Amino acid sequence: MDGQEDFYDIPSSKRTPTEIRAKLIELALPIIGADKKGALSDLLTHKSSPNGGTAVTDELKYTSAFVPFPQ
């Protein structure tokens, strides 16, 4: 995967979560199209509550609740 080195432990440890989200958006643009940059940015923007996560957080919680654990 191109650009994966940017997300290794040491480079990531020197970035804020907001900076990492911005890099993820840039990484996704060739796949989703530059015209969707605003929509993706909106999905990854923090909600107004202190521990509200992003718009993706609720979807991940819902999805992970239905993923069976290996027995």
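Which residues in α2 are buried? They are Ile25, Ala28 and Leu29, where buried means under 20% relative accessible area, exposed means over 50% and partly exposed is in between (1.4 Å probe, protein chains only).

## Ground rules

This is a predicted model, so local features need pLDDT of at least 70 and side-chain atom pairs count only at pLDDT 80 or more, while totals for chains, interfaces and linings use all residues. Residues are numbered from 1 along each chain as its sequence is written, and side-chain values use heavy atoms, with hydrogens and water left out.

## The overall picture

The protein chain has four helices and zero strands, and the pattern read along the sequence is α-α-α-α. Helices (H or I, at least four residues) and strands (E, at least two) are DSSP runs, numbered from the N terminus.

How does the chain's radius of gyration sit against a compact globule of 71 residues? The globule would come in near 11 Å, but the protein chain has 15 Å. That radius is taken over C-alpha atoms, and the globule rule is 2.2 Å times the number of residues to the power 0.38. Along the principal axes, the C-alpha atoms fill a box of roughly 35 × 30 × 25 Å.

## Surface, burial and charge

Of the 71 residues in the protein chain, 11% are buried. Contacts here are heavy atoms within 4.5 Å. Take the contacts with a separation of 6 or more: residues 24 or more positions apart account for 11% of them.

The accessible surface comes to about 5,900 Å², and 62% of that belongs to carbon and sulfur atoms. Those areas come from the Shrake-Rupley method with a 1.4 Å probe; for residues, only the protein chains shown count as cover. As for charge, the chain has 8 positive and 10 negative charges, and their mean positions are 4 Å apart. Lys and Arg count as positive and Asp and Glu as negative, with His and the chain ends not counted; each charge is placed at NZ of Lys, CZ of Arg, CG of Asp or CD of Glu.

Helix α2 covers residues 17-32, and its 16 residues should span 22 Å at 1.5 Å a residue; the end C-alpha atoms are 21 Å apart, which agrees. The expected span is 1.5 Å times one less than the number of residues.

What covers the buried residues of α2 includes α3 (37-43).

Serine 12 is in helix α1 (residues 9-13) and counts as buried because its relative accessibility is 17%. Setting aside residues up to four places away in sequence, serine 12 touches Asp6, Phe7 and Ile20.

Threonine 54 lies in the loop between α3 and α4. With a relative accessible area of 7%, threonine 54 is buried too. Leaving out neighbours within four places in sequence, threonine 54 is in contact with Arg21, Leu43, Leu44, Thr45, His46 and Lys47.

Aspartate 42 is part of helix α3, and its relative accessible area of 57% makes it exposed. Its C-alpha atom is 11 Å from that of arginine 21, which is 21 residues away along the chain.

Leucine 60 belongs to helix α4 (residues 55-65). Buried or exposed? Leucine 60 is exposed, at 55% relative accessible area. The C-alpha atoms of leucine 60 and serine 49 are separated by 18 Å, with the two residues 11 apart along the chain.
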